[in-house]
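Subject: Handing over the structure, with notes

Dear colleague,

I am passing on the structure below, together with some notes on what was found in it. Please keep the view open while you read, so that you can look up each residue as it comes.

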Amino acid sequence: NEVPEACVSLNKAVQAPVYEVTKGGDCYWLGQTKSMEWELIDETEPAAGVELYYFDGEQCAGGVARDVRVQLFCDPDAGVGKPLDYYVLEEDCHYSITWPSKYGCPAGGGSFFGMGGSTFVTWFVLGICVYLGVGVAHNVSQGATPGPDALPHKDFWMQVATLATEGFHWTRAKIEEMLGRRKAAYERVDGVEYEWG
């Protein structure tokens, strides 16, 4: 964070995020670091980036305090990035800076434990591979025949598979019953038809 040479003495008195140096060598602070607000650039699309608003800057003609809006647009490939556009609004007192940067992107993106979806899947698959590899190696070292019999906790996983299959068939039957697609079962006993629910 280099302070322009014309602003070095000023920086000791006022901590500002942005300075303006005129062609004549004058330095003006555009807001103060202690006077800051932030908001999303687009409330409906948080990943677009954030806007930092610094106010209480040095006064310009007419007694209006300078302020600056720094729009950090999300660009994960930009690294820190650098300002692209700079413009002044409303009689030279209000400034706006457009800055693509990775720091405009959501941290973690609200995903599982701060990981992106592909990162979670990668770690999950890696965990399964380690579990299977270590389990098979252990079981073979204990005398199991290499192959399906050496899988770790084989009996448990067979029970889980059976329960999952039975649960699927039960759920499917209940849904069909609720939708009226399953015909009631009839049974003939002594020449009379009985309905079983």
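Predicted model: local features only at pLDDT ≥ 70, side-chain atom pairs only at ≥ 80, totals over all residues.

Residues are numbered from 1 along each chain as its sequence is written, and side-chain values use heavy atoms, with hydrogens and water left out.

To stay with D67 for a moment, its place is in strand β5, where helices (H or I, at least four residues) and strands (E, at least two) are DSSP runs numbered from the N terminus. D67 is buried, a word that stands for under 20% relative accessible area, with exposed meaning over 50% and partly exposed in between (1.4 Å probe, protein chains only). Although buried, D67 has no salt bridge, and the nearest side chain of opposite charge, that of R69, is 5.5 Å away; here Lys and Arg count as positive and Asp and Glu as negative, while His and the chain ends are not counted.

A salt bridge is a side-chain nitrogen of Lys or Arg within 4 Å of a carboxyl oxygen of Asp or Glu, and a search of the whole structure finds four of them. One of these joins R69 to E51, with the closest N and O atoms 2.9 Å apart. This pair links distant parts of the chain, since R69 lies in strand β5 and E51 in strand β4, 18 residues apart. R69 is partly exposed, its relative accessible area being 32%, whereas E51 counts as buried because its relative accessibility is 9%. Another salt bridge brings together the side chains of R172 and E176 (3.5 Å, N to O), and because these two residues are four apart in helix α3, about one helical turn separates them.

The side chain of S35 meets that of D56 at 3.0 Å, and S35 counts as buried because its relative accessibility is 7%.

Which residues make up the largest nonpolar core? The answer is a set of 10, namely V18, L30, V50, L52, Y54, V68, V70, L72, Y95 and I97, where a nonpolar core means buried Ala, Val, Leu, Ile, Met, Phe, Trp, Tyr and Cys residues joined through side-chain atoms within 4.5 Å. At least two residues of this core come from each of β4 (49-54), β5 (67-74) and β7 (94-101). Another core, of six residues, lies apart from it, and includes C7, V14, C27 and W29.

Lastly, please turn to the helices, where α2 (117-141) and α3 (154-179) each supply at least two residues of a nonpolar patch. α2 gives the most, with seven residues.

With best wishes

Note on methods: Polar contact = N/O pair within 3.5 Å; in protein donor to acceptor, adjacent residues only side chain to side chain.
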